[in-house]
Amino acid sequence: MEVTWWGHATCTIEDTGVRVLTDPLFARRFAHLRRRRGDVPPPEAAVADAVLISHLHSDHLHLPSLSRLAPGSLLVVPRGAVGAVPRLRMLGRARGLRIREVAAGDVVRVGEVLVRAVPALHDGRRLPVGPHRVPALGYVVEGEARTYFAGDTGLFDGMADAVGRVDVALLPVGGWGPNLGHHHLDAARAAQVLTMLEPRSAVPVHYGTYWPIGLDGIRPHEFHAPGDEFVRQAARVAPEVAVHRLGHGEHVRPEARR
C-alpha cells in the first residue's frame, strides 16, 4: 500500500493493485490562486482506476483537471453533483467518464478495493452560487489497508463511528488563505482526529500548495507552517501515530495493522 501526495488535497492511494486518485487539481493557476510550491503533477498522476471527489468547491471539483482523466475512468462524486454542476455531465460524456453519485454509507467496489463514502462537516455547495443540498463527503478506501481521505471537514459528533477503524488518515491541516472556519481542520483539530480514529499512520494534506495572488507577504506562516505544526501537535496528543509529512510528489508506504 502506498500514498503519494501531489499537493493540496490531491493524493494517489495504491492498494491491492488499484489506483485511487483524490480531488485532482492539476493547475498552476486558477481563479485567484496560484501554485507556490511543487510542480504541477505529471501526466501519470491522472492515471487511476477510480477518482474520488469530496465536494463541489472548485479546488476539489476542478473540471479542467478532470478533463485529463483517461476515457472510461470511474468518477465518484457526492449525490446531486451532476445536477448542481451541469458541465460535469457534459465533461463526462465528452471524456467517456463513468460517473457514480454516492451518499454517506454507500460502498463502491473497484477491483479488489472497497470505497465507502462517509460524512463530512463542510459547506458542499458549488460556490459562489449553488444550492446547499449537495453534501461534502470523505472516503475510506479499504484493501490491504483502510485509508481515510477526509476531503474538507471540521470535527463533528459521531466522527469516529462514521469513519470506523482505519490504518492511515489523510487529513487536511490548512487551506489557501489566512482564515479557517470551524468546518475545516487546522493542525490542532486534525491532531484531535488522531485521538478519535487511532490510525497507525497519518499524512497531512491541504496546505502549502496554493495561495491567493497578491497575498504572498501576508501571514506567510499560514501557508508554510501547518504541516510542521501538525507533526508537533500529533506528537503531543497521539505519539503512537506515525506522521509522514511528505513533500510534493513524494510517497510513503505506511504500515497497516495485521
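How many helices and strands does the protein chain have? Colour by secondary structure: the protein chain has 7 helices and 17 strands, where helices (H or I, at least four residues) and strands (E, at least two) are DSSP runs numbered from the N terminus. This is a predicted model, in which local features need pLDDT of at least 70 and side-chain atom pairs count only at pLDDT 80 or more, while totals for chains, interfaces and linings use all residues. Residues are numbered from 1 along each chain as its sequence is written, and side-chain values use heavy atoms, with hydrogens and water left out.

Next, select the C-alpha trace, which spans about 50 × 50 × 35 Å along the principal axes of the protein chain. Buried residues (under 20% relative accessible area, 1.4 Å probe, protein chains only) make up 52% of the 258 residues.

Now select Tyr-139, Tyr-148, Val-163, Leu-170, Leu-171, Leu-194 and Phe-230, the residues with the most contacts inside the largest nonpolar core, which has 53 residues. Such a core is a set of buried Ala, Val, Leu, Ile, Met, Phe, Trp, Tyr and Cys residues joined through side-chain atoms within 4.5 Å. Highlighting helix α5 (residues 187–197) shows the largest share of this core, 6 residues.

Centre on Phe-230: leaving aside neighbours within four places in sequence, its contacts (heavy atoms within 4.5 Å) include Leu-171, Ala-187, Leu-194, Pro-204 and Val-243.

Finally, select Phe-26, Leu-61, Leu-69 and Leu-91, which are among the 22 residues of a second, separate core.

Note on methods: Buried < 20%, exposed > 50% of the residue type's maximum accessible area, 1.4 Å probe, protein only.
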